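Subject: Structure handover

Hello,

Please find the structure we spoke about below. My notes on what was found in it follow.

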Amino acid sequence: MKRKQRTEILIEGSHELAKSLANEIEQNYSVSVLQEPEHGLVMLKVRETSRKSLFYLGEVLVTECKVKVEGKIGIGIVKGDHSDLAYHLAVIDAAFLGDLPETKPWAGILEIEKYYIEQKRKAKNEEILRTKVSFETMDV
């Protein structure tokens, strides 16, 4: 599983999952914090759909953290004010970069969480579609 996909699952899914995975690493390894969770701003680049050109929509508040586990530096960046989640993401990132044995069963856990996220999205989309009005059948 690629880093981007893994991070999306951990951010969109239950934050308790990220916490439990990070705690597993903290119990077995020494985690040194290189950069405490702190706020920053990043430019949000968006592609305009008609001309396919890129432009900067504006700045977004993020929380960023860096940790070191077993000689590997992990980075956690999350939109908004989520210090704990940024720290947990950094620990998990370092664990995957270090190819620690604890990360082997995580792929299955992340796939299950991905399934729950997709089910939640599907239910929300169905709820929204129930409110859709068909103007073709309306009598005026």
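How are α2 and α3 oriented to each other: oblique, roughly parallel or roughly perpendicular? Before the answer, please keep in mind that this is a predicted model.

The helices

Two packed helices are described by the angle between their axes and the distance between the axes. Helix α2 covers residues 15–28 and helix α3 covers residues 83–97. They pack at an angle of about 55 degrees, and their axes are 9 Å apart. Angles of 65 to 115 degrees would count as roughly perpendicular and angles under 35 degrees as roughly parallel. α2 and α3 are therefore oblique to each other. The crossing in which α2 passes α3 is left-handed.

On the α2 side, the contact is made by His 15, Ala 18, Lys 19, Leu 21, Ala 22, Ile 25 and Glu 26. On the α3 side, Leu 85, Tyr 87, His 88, Val 91, Ile 92 and Ala 95 take part. Sorted by class, the contact of α2 with α3 has 9 nonpolar residues, 2 polar ones and 2 charged ones.

The sheet

There is also an open sheet of 3 strands, in the order β1-β2-β3, with antiparallel pairing. β1 and β3 are the edge strands, and each pairs on one side only. From one strand to the next, the twist averages 25 degrees.

Strand β1 (residues 31–47) and strand β2 (residues 54–69) pair over 14 bridges in the antiparallel sense. Arg 47 has Leu 54 in β2 opposite it. These two strands, β1 and β2, form a hairpin with 6 residues between them. In that turn, Lys 52 has a positive phi of about 60 degrees.

Two pairs can be looked up here: Thr 63 stands opposite Val 78 in β3, and Gly 76 in β3 is the bridge partner of Cys 65. β2 and β3 also form a hairpin, with 2 residues between them. Glu 70 in this turn has a positive phi of about 50 degrees.

For viewing the strands: in a regular strand the side chains alternate between the two faces of the sheet.

Regards

Terms used:
Residues are numbered from 1 along each chain as its sequence is written. This is a predicted model: local features need pLDDT of at least 70, side-chain atom pairs count only at pLDDT 80 or more; totals for chains, interfaces and linings use all residues. Side-chain values use heavy atoms; hydrogens and water are left out. Axes are lines fitted to C-alpha atoms, for helices over the stretch in contact, and angles run from 0 to 180 degrees between N-to-C directions. Helices (H or I, at least four residues) and strands (E, at least two) are DSSP runs, numbered from the N terminus. Angles under 35 degrees count as roughly parallel, over 145 as roughly antiparallel, 65 to 115 as roughly perpendicular and the rest as oblique. A crossing is left-handed if the near helix is turned anticlockwise from the far one by less than a right angle, and right-handed if clockwise. Contact means heavy atoms within 4.5 Å. Ala, Val, Leu, Ile, Met, Phe, Trp, Tyr, Cys and Pro count as nonpolar, Asp, Glu, Lys and Arg as charged, and the others, Gly among them, as polar. Two strands pair if DSSP finds at least two bridges between them.
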